[in-house]
Amino acid sequence: MTPDPAASLVEPILRWYDEHARDLPWRRPEASAWSVLVSEFMLQQTPVVRVLPVHKAWLQRWPTPADLAAEAPGEAVRAWGRLGYPRRALRLHAAATAISEQHDGQVPASYDELLALPGVGDYTAAAVAAFAHGRRQVVLDTNVRRVLARTVTGVEFPPRSVTRAERDLGAALLPADPPTAATWSVAVMELGALVCTADRPRCEACPVRAACAWQQAGAPPYDGPPRPVQAWAGTDRQCRGRLMAVLRDAPGEVTQAQLDAAWDVPAQRERALSSLLADGLVVRTPSGRYALP
């Protein structure tokens, strides 16, 4: 008889989470749905340790979506600081505006309504429905997908994009009770973040090592398509970051000369500035200078 993955995984991982969950502000019982939504935007491609101080400052300044929506989008970009991928700040501001205008200032609870918000994709809608509202929802982030790939499928890493098989597996493992399902989703995510990590997983500390298909197969190395490695030094992304730092740190408009001083490769600097203008992260003022939107 084939072992039931739910029986061998769900209870041990839930018990492990009870003992090892990090004390994160957006996971506390008193956290608002807005706090959860803000955290999910900030945590995209950004480590928890970098998000914590920015999340705290953000909630102190803008404790509700309406508070953020009342400010210019550029203030969201400025407060985003050095979290990276600052378009997320513009999208979060747009989401706050939509929440204020369409949902009476309350972060919606249903997956479909969340998915309709600007900047909210499948994962974020599912995560907020589960973590903020206790809904029974399949939540598949990078950490969850990696844990399930190893423990159930027996491969080191999941495919590049979410597959139908992964969604079906996530649904099959989801506990029937909605609050327990929400806890399960965050528990698997936490296991992937702390133990079943992408590099150097701590298998000796894993609560389901004995049931892990990847371990049972001898932990075979990944043999799929090359995994992308993001470069930084000398890239257009780094150049964009330098230009954004000048704009964030300035009390008002900045001149072309100030931007020129931030990066010494003219063609790359012009390309980066053009992309920032196209993304709406920078605007050109009537005086010919530059500013946050």
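1. Helix α13 (residues 236–249) packs against helix α15 (residues 266–279) at an angle of about 70°, the axes being 9 Å apart. The pair is therefore roughly perpendicular, a label for angles of 65 to 115 degrees. Axes are lines fitted to C-alpha atoms over the stretch in contact, with angles from 0 to 180 degrees between N-to-C directions; helices are DSSP runs (H or I, at least four residues) numbered from the N terminus.

2. On the α13 side the contact (heavy atoms within 4.5 Å) uses D236, C239, R240, L243 and M244. The α15 side includes R269, R271, L273, L276 and D279. By class, six residues are nonpolar, two polar and five charged.

3. The model is predicted: local features need pLDDT of at least 70 and side-chain atom pairs 80 or more, while totals for chains, interfaces and linings use all residues. Numbering starts from 1 along each chain as its sequence is written, and side-chain values use heavy atoms, without hydrogens or water.

4. Beyond four places in sequence, L37 is in contact with L92, I99, V107, V120, T124 and V128.

5. The disulfide count (cysteine sulfur atoms within 2.5 Å) is zero. For C196, the nearest cysteine sulfur, in C206, is 6.2 Å away. The sulfur of C203 lies 6.5 Å from that of C196, its closest, too far for a bond.

How values were computed. Helix = DSSP H or I, 4+ residues; strand = E, 2+ residues; numbered from the N terminus. Parallel < 35°, antiparallel > 145°, perpendicular 65-115°, else oblique. Nonpolar A, V, L, I, M, F, W, Y, C, P; charged D, E, K, R; others polar.
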